[in-house]
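I opened the notebook to log what I looked up in this model. The entries follow in the order I made them.

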Amino acid sequence: MRTLFLFAILSVSQVWAKCELPKNERLVIGCTYKCGFDYRLRLTFAARALGYKVQIVDLRELGDLESALKKVDGVLMPGG
């Protein structure tokens with residue numbers, strides 16, 4: 001009974017939770033080295049399928065790694 005009650009509480013709380021970007025905002029994805037055409041194409045298609053816009057940047061061009069990581073929402077490390 002206790003487990004069923006806990007499950008019901010957790011299920012209901014997930015109904016109102018949603019994750020979405022404000023309109024006209026992009027996800028900024030940083031690559032640890034120059035991302036090729038295939039990576040960019042697949043990331044763009046995946047983002048569009050979910051209704052997001054994506055901007056892909058080369059982290060090496062942003063200078064210091066610590067400050068570069070503060071400017072991106074996610075990091076892609078192709079090959080590993």
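**Entry 1: strand pairing**

Which residue in β2 is the bridge partner of Leu-27? I looked it up, and the partner is Val-54. I noted at once that I am working from a predicted model.

Next I took the path between the strands. From β1 the chain runs through helix α2, residues 37–49, and on to β2. I logged this β-α-β crossover as right-handed.

I then checked the pairing as a whole. β1 covers residues 26–31 and β2 covers residues 53–58. The two strands pair in the parallel sense, over 6 bridges. I looked up another pair as well: Ile-29 has Ile-56 as its bridge partner in β2.

β1 also pairs with β3, residues 74–76. Here too I found the parallel sense, this time over 3 bridges. For Gly-30, I found Val-75 as the bridge partner in β3.

**Entry 2: the chain overall**

How many helices and strands does the chain have? I counted 3 helices and 3 strands. In sequence order I read the pattern as α-β-α-β-α-β.

I also looked up burial. The chain has 80 residues, and 19% of them count as buried.

**Entry 3: the disulfide**

I searched for disulfides and found 1 in the structure. For my own reference, such a bond is a covalent link between the sulfur atoms of two cysteines. Here the bond joins Cys-31 to Cys-35, with an S to S distance of 1.6 Å.

Is the disulfide of Cys-31 and Cys-35 left-handed or right-handed? The torsion about the S-S bond is about -100°, so I wrote it down as left-handed.

Are Cys-31 and Cys-35 buried or exposed? I found both of them buried.

**Entry 4: a surface patch**

Last, I looked at the surface. Which residues form a nonpolar patch there? I listed Leu-65, Leu-69, Val-75 and Met-77. Together they have about 370 Å² of accessible area.

Leu-65 lies in helix α3, which spans residues 65–70. Its relative accessibility is 52%, and the cut-off for exposed is over 50%, so I logged Leu-65 as exposed.

Technical notes:
Residues numbered from 1 in each chain as written. Predicted model: local features only at pLDDT ≥ 70, side-chain atom pairs only at ≥ 80, totals over all residues. Heavy atoms only, no water. Patch = residues over 30% accessible without salt bridge, like charges linked within 9 Å, V, L, I, M, F, W, Y side chains within 5 Å. Areas by Shrake-Rupley, 256 points an atom, 1.4 Å probe, with all protein chains shown as cover. Salt bridge = Lys/Arg side-chain N within 4 Å of Asp/Glu carboxyl O. Helix = DSSP H or I, 4+ residues; strand = E, 2+ residues; numbered from the N terminus. Buried < 20%, exposed > 50% of the residue type's maximum accessible area, 1.4 Å probe, protein only. Disulfide = S-S within 2.5 Å. Pairing = 2+ DSSP bridges. Right-handed = clockwise from strand over helix to strand, strands pointing away.
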